Amino acid sequence: MIVPAYNEAESIADTIRSLQAQTIQPGEIVVVDDGSSDETGAVARALGVTVVRPQVGTGSKAGAQNFALSQVGTEFTMAIDADTTLAPDAIEKLLAALDAPGVAAACGFVIPRNVGTLWERGRYIEYMFAFSFYKQVQDYYEKPLIASGCFSMYKSKSLIAHGGWETRTLAEDMDLTWSLYEAGEKVRFVPEAFCYPIEPQTYQFMSRQLKRWSHGFVQNVRLHWRGVLGVPYLRSAVAVSLWDATLAAVIYLLLLPVLAIYFRSPWMLLGYVIDAPALMIPVLAVAIPRGETKRALASMPAFFVLRTVNAVFFLRAVFSELLGRGFYTYEKGH
Amino acid sequence: MTAGLPGVGIGGMFYVLSAIAMPFHAAYRVVKRRHDPGLADEPPVQWRLVFRQLAIALGIVAALWATGWALGALLAEHPSALGGMESTVSGRTAPNAIKVSALILSFGTMCIVLIAVQVARLVLNSRQHKTATVSGVVGALMLLSASIANGQNARGSSPLGARIDAAERTYQAGDSAAAVAAYGTVLALDPNNSRALFRLGQLWRHDPKRSLPMFRRYTSVVPNDAWGHMALGDALAADGNFSEALREYDEARRIAPKERDVALGHARVMGRAGRSGDAVALLQKWSALHPGDSEATREIDVQRRMLGSARAKHAPAVELTAFSGGDSDGNRSYSAVALISAQLTDYARLTATAGRKRSAGFLDALYYDGTVGLTIRPVSSFRLEAVAGAVRTTRNESFEYPDTAQVVPRTGRGKGRREQPAPPAIVRTDSAIAENLAIGSLRAVWKKPGTAGLVDLRASQALLDATPVLVINRVMRRELAARVDVPLTRRFRVRGGARAGSYDAIGESNTRTSLLGGVATSVTDAAEVAAIFQQISFDHATTSGYFAPRVAQLAELVTYTEIESDSGRLLILDAGAGGQRYAEFGSAVGQWKPVFRVMAELRLPIRPGTELRGALDSYNSQIASEAAAGTSWRYASASLSVRIALR
């Protein structure tokens, strides 16, 4: 169990305790204290787990995970962010999925642990929608787009054969997932395995995360497009995602304001939320059984704010990468 | 992490359709498993997941429909909420606000994206297959010849050496295809063979995507070969990556500072990168050390001319244009346009235009337009142009307008060349007043340097002004256009294009779609011949003054040639000849009739940045590609302009 951590003294205790409370106990929990300036290492050590610290900070989550991977001797390797906790049976559920032949990785359902600020609420709806609908459809066709980096388990042999997590893009989880597909291996999404990360609470933190994700996606498309073309369903999913991140984002950001000005009707801006009832269907399909109906309804407006900001970040990333102004500085964010 | 924008664009539709397809896919899997024992180990279908996702997808569709219905009902009750669109819905039964046409457009877009992915996959597969097949066959032949040579040639004791010799002989004989296969075989046996890497880079010099990896590998295998870094630098420059190209030349000069080819090549790449000043300085330094080098002296002159042109090109400039045109219907157009432009940054240029225009014939329309435009060229292969402005139509006080709506006799002043009557045009005389109309365009052009690949996307809004009736009826064209040139070989390319737009006039709206396809070939670097087929169709007939056939087809052979003299004089010729036929609404498609057109433009440089331009344009056709005034039409125009760099 690899837990990369940089200045996570406040959250890492919860993560370790949730790992220690699993129905199937991990062989070893290794916290990689990647040059933290706070008490991350001490907190982890006090809870009885192995703590390793590179002499020089690796500068990225992938680098920290690779540092620990060299010491892994178990059949399975799990990576979990230091600000993420798990449902008690999460590991058990993922292990069951990895029993199937050809499956090299499995990932779970992500739900924000705290849902208070605008950004947390927006992310809550985004995850509920994406994990209850998109990801389950992708899994049916055996091509989940990403085995999320915050909580995924791998067969160690496959992971090591792929050289661990690459640092060539800012989305090492997507890079690894697509590399596994290109090598003919399978990835599974297990909707019953829940994890709860702490999502960005402020715009400053959220913007760093969105920048990393958007650049990471474009970098992976550039890196893998030839290989992805050979993977059925994934190629279509990536193409529509790329379209939505580029041209659809332009239309989304510009068309409605232009129409509103042209027809002198601010009602045109209702177009931004016209899909709200449709979005609520998959969100409520998860929220109602979890008893979170009110939270979901109250969080809906925040989603539209996040979606608009997300569109801006994707467009900036696409143009930056196309113009050769790539962004490769890893900034913390789950 | 997530990718894309959940709920927006075609992604949502893709997953809804994927979910709806799940039961059918699952049933297929079940049937397949029953009939194929080899699939017995496949995991069973998760029917619960299938029906759950299907239910969600159907719920999403139902929610979208209900939202559109509720909005439609709301807008029918409060039509003022729609502002400028009020008149189009008031008084009607409440429609669903989410239009079927919008859904069809989204579905069509998604299909195009998915088809493009499949085409890309097939192209990639066929290339790989072709390369593998050719390499395999030729490799086998090489192996065979090497085996035969084994007993005859001392070097034959090394199969690799024999193959390298054979590949080199093929290369020297000029058989590029066989040389590629032969060196490909060498490389398969010895992945770091420097000769093979360098030769393959040279053989693929017209395809930077293939040559660059070869030269990169070569420079990593032989890092101290200045020619390797030069070759890599040239390939990078051909790919438009000048910064990296110059770094490679820096390295080449570090390795071989006294090598003349390195110095001259470095200067040429500097010039192409827009650093002609540095190139001149470098060459002057070289010439001072090697005074007898005539090629360096010539290159200094070339770079100085480029420097002068670049400075003039980047300098603020004024351009004045006078235009006059007329057609066989008696319509005449006159305009005077002033343009001023200035460079904002290294890659952004601002332009502003102001024009006075008059369209005269049966009626008379006077109008003015002004625009502000920004052209951004962040890299040499990409250009973004944005123009926004306005047209101000005026009432021409010197002309007596009819008091009521008038039917215009389409034969104008009696030229009457057409063979069948054209539909009448009605002038909405109440519109002959001063009015401001917004115009603009957004265009993105991607053209890879050194290739014929081109993507040209454009959105525009413009006032049709070919005749005064069009101006007075305020016929505005709002259009999306796309053109793509896909290179098949170095000389041949496939051309495709599509345009879709609305023609909105006072009291009337129409839509026009146009599809274009053909093949083009470069006869020389400056001349192209293309065979093009184009089909245009309108939604319905019109009385607003433009010709709107049900369908019009044009098959045309076109040529485009640029002839440039050493002194910079440039002649551009664009001519076409072919056949054209059309069908009006309610009529069958007519006979093919000949169509001719020619455009010629001459640019005469007076001094750097200042030039005189003259252009002639002429058509002879049943209908024109844009908004013709009739069914048999001749048109000619001439323009004269002068561009003056201000420093």
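This is a predicted model: local features need pLDDT of at least 70, side-chain atom pairs count only at pLDDT 80 or more; totals for chains, interfaces and linings use all residues.
**Exercise 1.** Compare the reach of helix H11 of chain B with its expected span, then work out which of its residues are buried.

*Solution.* Start with the length: H11(B) covers residues 260–272, which is 13 residues. From first C-alpha to last it reaches 19 Å, close to the 18 Å you'd expect at 1.5 Å a residue. Next, burial, where the cut-off is 20 or more other C-beta atoms within 10 Å. By that test 10 of the 13 residues are buried, so the helix is mostly covered. The buried set includes Val262(B), His266(B), Arg268(B) and Met270(B). Now look at what does the covering: helices H9 (226–238), H10 (242–255), H12 (276–289) and H13 (294–314) of chain B are among the elements involved. Finally, step just past the helix end, and you'll find Gly274(B) with a positive phi of about 85°.

**Exercise 2.** Find where helix H10 of chain A bends.

*Solution.* H10(A) runs over residues 247–262 and reaches 21 Å, close to the expected 22 Å. Walk along the axis and there's a bend of about 30° at Leu254(A), with Pro257(A) following within four residues. Buried residues in this helix include Ala248(A) and Tyr252(A). Just after the helix, Arg264(A) takes a positive phi of about 50°.

**Exercise 3.** Describe the side of chain B that touches chain A.

*Solution.* Count first: the contact takes 41 residues from chain B and 47 from chain A. On the chain B side, H1, H2, H4 and strand S4 each give two or more residues. H2(B) provides the largest share, 10 residues. Sorting that side by type gives 29 nonpolar, 11 polar and one charged.

Terms used
Residues are numbered from 1 along each chain as its sequence is written. Chains are lettered from A and ligands numbered from 1 in the order in which they are written. The expected span of a helix is 1.5 Å times one less than its number of residues. A residue is buried if 20 or more other C-beta atoms lie within 10 Å of its own, exposed if 12 or fewer, and partly exposed in between; C-beta atoms are placed from the backbone. Two residues are in contact if their C-beta atoms, placed from the backbone, lie within 7 Å. Ala, Val, Leu, Ile, Met, Phe, Trp, Tyr, Cys and Pro count as nonpolar, Asp, Glu, Lys and Arg as charged, and the others, Gly among them, as polar. The bend at a residue is the angle between axes fitted to the seven residues ending there and the seven starting there.
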